[in-house]
Amino acid sequence: MGADAKTAMKVEMTEAAAKRIARIVSAEAGKTALRVSVEGGGCSGFSYKFDLVDTRNDDDVAIEKDGATVLIDDLSLVYMGGSVIDFVDDLMGQSFQIRNPNAVASCGCGTSFSI
């Protein structure tokens, strides 16, 4: 895999997301990471799923920052390459948001997208 392909497959998380993930995981007994996966469905074709987990699978890619760990499986990584996971706290509420350069359309809820 060339350097461009490796960069394209990389997913990053912001400092805000890392702090929130670390806080959530520390409050949940036995949980060690936030799993982000892509599933078929949602109003735009694909949707993100967030789960607190206590195990790492063989095909997981781990993104670690400031004591927080995000796990993404190989298949989901294909759809999320180049994305940035952020945590936003504004007048609309608090939520994890994924800025995905592969998405050509998304919905208002922020968890559904199409490629």
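Buried residues are those under 20% relative accessible area, exposed ones are over 50%, and partly exposed ones fall in between (1.4 Å probe, protein chains only).

The model is predicted: local features need pLDDT of at least 70, side-chain atom pairs count only at pLDDT 80 or more, and totals for chains, interfaces and linings use all residues. Residues are numbered from 1 along each chain as its sequence is written, and side-chain values use heavy atoms, with hydrogens and water left out. The chain averages a pLDDT (the predictor's confidence in each residue, from 0 to 100) of 84. A score of at least 70 is reached by 81% of the residues. Over residues 1-7 the pLDDT is below 50. Beyond near neighbours in sequence, this stretch has 1 contact (heavy atoms within 4.5 Å) in the model.

Aromatic pairs were examined next. A pair of aromatic rings is described by the distance of the centres and the angle of the planes. Rings of Phe, Tyr and Trp (its six-membered ring) pair if their centres lie within 6.5 Å; planes under 30 degrees apart count as stacked, over 60 as edge-to-face and the rest as tilted. The count comes to 3 aromatic pairs.

One of these joins Phe46 and Tyr79. Their ring centres are 4.8 Å apart and their planes stand at 40°, so the pair is tilted. Phe46 belongs to strand E3 (residues 46-53) and Tyr79 to helix H3 (residues 74-80), 33 residues apart, and the pair thus links distant parts of the chain. Helices (H or I, at least four residues) and strands (E, at least two) are DSSP runs, numbered from the N terminus. Phe46 is partly exposed at 22% relative accessible area. Tyr79 is also partly exposed, at 26%.

Phe50 and Phe96 make a stacked pair, because their ring centres are 5.9 Å apart and their planes lie at 25°. Phe50 is in strand E3 and Phe96 in strand E7 (residues 93-99), so the pair ties together parts that are 46 residues apart in sequence. Phe50 is partly exposed, with 28% relative accessibility. Phe50, Phe87 and Phe96 form one aromatic cluster.

Ser37 lies in strand E2 (residues 33-40). Its relative accessibility is 10%, so Ser37 counts as buried. Leaving aside neighbours within four places in sequence, Ser37 is in contact with Ser47, Tyr48, Lys49, Asp73 and Ser76. Ser37 and Tyr48 are 11 residues apart in sequence, and their C-alpha atoms are 5.7 Å apart in space.
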